[in-house]
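Please keep the sequence and the structure in view while reading.

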Amino acid sequence: AYTLHPAPSAKQNIPYPDDGVRLADGRIARDFSRRDIVGWNTGRELPVTLDLHGLVPCRTITVWTLGGGKYGIRAPEAVIVETQDAEGNWQAAGRAERPADLSETDTLAALPYTVELPVPLAPQALRATILRQTGWLMVSEIQVE
């Protein structure tokens, strides 16, 4: 299970709402596909929290986004990953930066933002905060390996 804040929803007239499953269904959008993406065009920090209940061993967290400029879709500045221990304390786990050589002219591509944990953990929860720059932020999947 995961939670989004703010959650893009059809009630807010956001054309790319979350259905509560899309970001953890195993499908990575390689191009513009409404059924595979969740999107925002406002807000700076967009946290996604995955409730793992200490049951899922984690080593690598990848947030899949789209970028390239087509349709106004821009890659995020960065993704910050935190882990939560059994006592409810959050700790920084790492940060993945936007590729420095990314051209945002008029293309579209799947972009992985990957953070490797220094040691394998089984956290209570993971939080990936996506730092939106401008334009549309489109996220298709959060992988925990």
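## A buried threonine

Thr129 has a relative accessible area of 9%, so this residue counts as buried. The structure discussed here is a predicted model. Thr129 belongs to strand 8, which covers residues 125-131.

Which residues does Thr129 touch, when those up to four places away in sequence are not counted? They are Glu45, Leu46, Pro47, Ala78, Val79, Ile80 and Glu82.

Two residues illustrate the pairing: Val81 has Gly94 in strand 6 as its bridge partner, and Ile80 has Arg95 in strand 6.

## The hairpin and its turn

Strand 5 and strand 6 form a hairpin, with 5 residues between them. In the turn, Gly88 has a positive phi of about 90°. Asn89 is also found in the loop between strand 5 (78-84) and strand 6 (90-97).

Is Asn89 buried, partly exposed or exposed? Its relative accessibility is 42%, so Asn89 counts as partly exposed. Leaving aside neighbours within four places in sequence, Asn89 is in contact with Thr83 and Gln84. Thr42 lies 47 residues from Asn89 in sequence, and the C-alpha to C-alpha distance between these two residues is 29 Å.

Another open sheet has 4 strands in the order 2-9-4-7, with antiparallel pairing. Its edge strands are strand 2 (38-40) and strand 7 (109-121), and each of them pairs on one side only. From one strand to the next, the twist averages 25°.

Strand 2 and strand 9 (residues 137-144) run antiparallel, and 3 bridges join them. In this pairing, Trp40 stands opposite Leu137 in strand 9.

In soluble globular proteins, nonpolar side chains tend to be buried together. In this model, the largest nonpolar core has 27 residues, and Val48 and Val63 are those with the most contacts inside it. Strand 7 contributes the largest share of this core, namely 4 residues.

What surrounds Val48, leaving aside its neighbours within four places in sequence? Val48 is in contact with Tyr2, Thr3, Leu4, Leu23, Leu126, Arg127, Ala128, Ile130 and Ile142. A second, separate core has 8 residues, among them Tyr16, Ala29, Leu66 and Trp136.

## Aromatic rings and charges

A search of the whole structure finds 3 aromatic pairs. In one of them, the rings of Tyr16 and Phe32 have their centres 5.8 Å apart and their planes at 85°; the pair is therefore edge-to-face, as planes over 60 degrees apart are classed in this way. Tyr16 and Phe32 are 16 residues apart, and both lie in the loop between strand 1 (2-4) and strand 2. Tyr16 counts as buried because its relative accessibility is 11%, whereas Phe32, at 29%, counts as partly exposed.

Phe32 also pairs with Tyr71: the ring centres are 5.2 Å apart and the planes stand at 50°, so this pair is tilted. Phe32 lies in the loop between strand 1 and strand 2, and Tyr71 in the loop between strand 4 (58-67) and strand 5, so the pair ties together parts that are 39 residues apart in sequence. Tyr71 has a relative accessible area of 53% and is therefore exposed. Together, Tyr16, Phe32, Tyr71 and Trp136 form one aromatic cluster.

The charged end of Arg30 sits over the ring of Trp64, 5.2 Å from its centre. Arg127 lies over the face of Trp90, at 3.9 Å from the ring centre; Arg127 is also one of the residues in contact with Val48.

Technical notes: Residues numbered from 1 in each chain as written. Predicted model: local features only at pLDDT ≥ 70, side-chain atom pairs only at ≥ 80, totals over all residues. Heavy atoms only, no water. Pairing = 2+ DSSP bridges. Axes fitted to C-alpha atoms, helices over the stretch in contact; angles between N-to-C directions. Core = buried A, V, L, I, M, F, W, Y, C linked by side-chain atoms within 4.5 Å. Buried < 20%, exposed > 50% of the residue type's maximum accessible area, 1.4 Å probe, protein only. Contact = heavy atoms within 4.5 Å. Phe/Tyr/Trp six-rings, centres within 6.5 Å; stacked < 30°, edge-to-face > 60°. Lys NZ or Arg CZ within 6 Å of the ring centre and 35° of its normal.
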